[in-house]
Amino acid sequence: KLILPIIVFSQFCCTSLWFAGNAVMPDLVVHFSLDGSAVGHLTSAVQLGFIAGTLFFAIMSIADRFSPSKVFFVCAVLGNSLSTILIFRAGTGFFLAGIYPVGMKIASDYFEKGLGVSLGYLVGALVLGTAFPHLLKGQLNTLPWESVIFGTSFLALLGGFLMLVLVPDGPYRKMGANFDLMACFKV
């Protein structure tokens, strides 16, 4: 079945957004006349956005309440940001929470047996995807920073589109319960 390669390739494509800003950070500092502290803030914004997004997606059971492939697609589109403003980098991180963990959920909806191997491939795709912008910038150092951002944005849109069109809800998908704020107090 081609489902796993599609999920893995889509995960690779979309997680390339994660460190796209880092790959071109020296160019961004020069182009936008940023001071040295901006580098740390922009890097942290993606991570904090991812943490906030993961918390939101988990509390609201987004991947259980809605089609995970559609969630993945929407996050691939909304995670695209060509701006380097702090809020947009945080937004990119936020929507990565609808890509990386949701990709894992999609795999679990398809692979009741062999799930460990499937998740291993997805972790590999995450590693390669997050490193890809650095490969683009490092190996093709003649590329302007905008090309790296456009390239990773295109990959994310492609990955989200492939997931939306070629990966329907899996046969082992279970709908999640509705959000219950009182459950926090019961625990």
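In helix H6, Pro68, Ser69, Val71 and Phe72 make contact (heavy atoms within 4.5 Å) with Val102, Gly103, Lys105, Ile106 and Asp109 of helix H8. The structure is a predicted model, in which local features need pLDDT of at least 70 and side-chain atom pairs count only at pLDDT 80 or more, while totals for chains, interfaces and linings use all residues. Residues are numbered from 1 along each chain as its sequence is written, and side-chain values use heavy atoms, leaving out hydrogens and water. Helices here are DSSP runs of H or I with at least four residues, numbered from the N terminus.

**H6 against H8**

- H6 covers residues 68-78 and H8 residues 100-110; their axes come within 9 Å and cross at roughly 155°. Axes are lines fitted to C-alpha atoms over the stretch in contact, with angles from 0 to 180 degrees between N-to-C directions.
- The two helices, H6 and H8, are therefore roughly antiparallel (an angle over 145 degrees) to each other.
- H6 passes H8 in a left-handed crossing, meaning that the near helix is turned anticlockwise from the far one by less than a right angle.
- Five nonpolar, two polar and two charged residues make up the contact of H6 with H8. Asp, Glu, Lys and Arg count as charged; Ala, Val, Leu, Ile, Met, Phe, Trp, Tyr, Cys and Pro as nonpolar; and the others, Gly among them, as polar.

**H6 against H10**

- With helix H10 (residues 145-166), H6 packs at an angle of about 165°, the axes being 8 Å apart.
- That makes H6 roughly antiparallel to H10, and the crossing of H6 and H10 is left-handed.
- On the H6 side you will find Ser69, Lys70, Phe72, Phe73, Ala76 and Val77, which meet Ala156, Leu157, Gly159, Gly160, Phe161, Met163 and Leu164 in H10.
- The contact of H6 with H10 divides into nine nonpolar residues, three polar and one charged.

**Helix H4**

- H4 runs over residues 37-59, and its 23 residues reach 33 Å from first C-alpha to last, close to the 33 Å expected at 1.5 Å a residue. The expected span is 1.5 Å times one less than the number of residues.
- Its buried residues (under 20% relative accessible area, with a 1.4 Å probe and protein chains only) are Ala38, Leu42, Ala45, Val46, Gly49, Phe50, Gly53 and Phe57.
- After H4 comes serine 61, which has a positive phi near 50°.

**Valine 24 and lysine 137**

- Valine 24 sits in the loop between helix H2 (20-23) and helix H3 (25-31), and counts as buried at 0% relative accessibility.
- Lysine 137 belongs to helix H9 (residues 115-139) and is buried, with a relative accessible area of 11%.
- C-alpha to C-alpha, valine 24 and lysine 137 are 7.0 Å apart in space, although 113 residues separate them in sequence.
- Not counting residues up to four places away in sequence, valine 24 touches Lys137, Trp145, Val148 and Ile149.

**Methionine 175**

- Methionine 175 is placed in the loop between H10 and helix H11 (182-186).
- Its relative accessible area of 56% makes methionine 175 exposed, a term for values over 50%.
- Leaving aside neighbours within four places in sequence, methionine 175 is in contact with Asp64 and Arg65.
- Methionine 175 and leucine 158 are 17 residues apart in sequence and 27 Å apart in space, C-alpha to C-alpha.

Notes: Angles under 35 degrees count as roughly parallel, over 145 as roughly antiparallel, 65 to 115 as roughly perpendicular and the rest as oblique.
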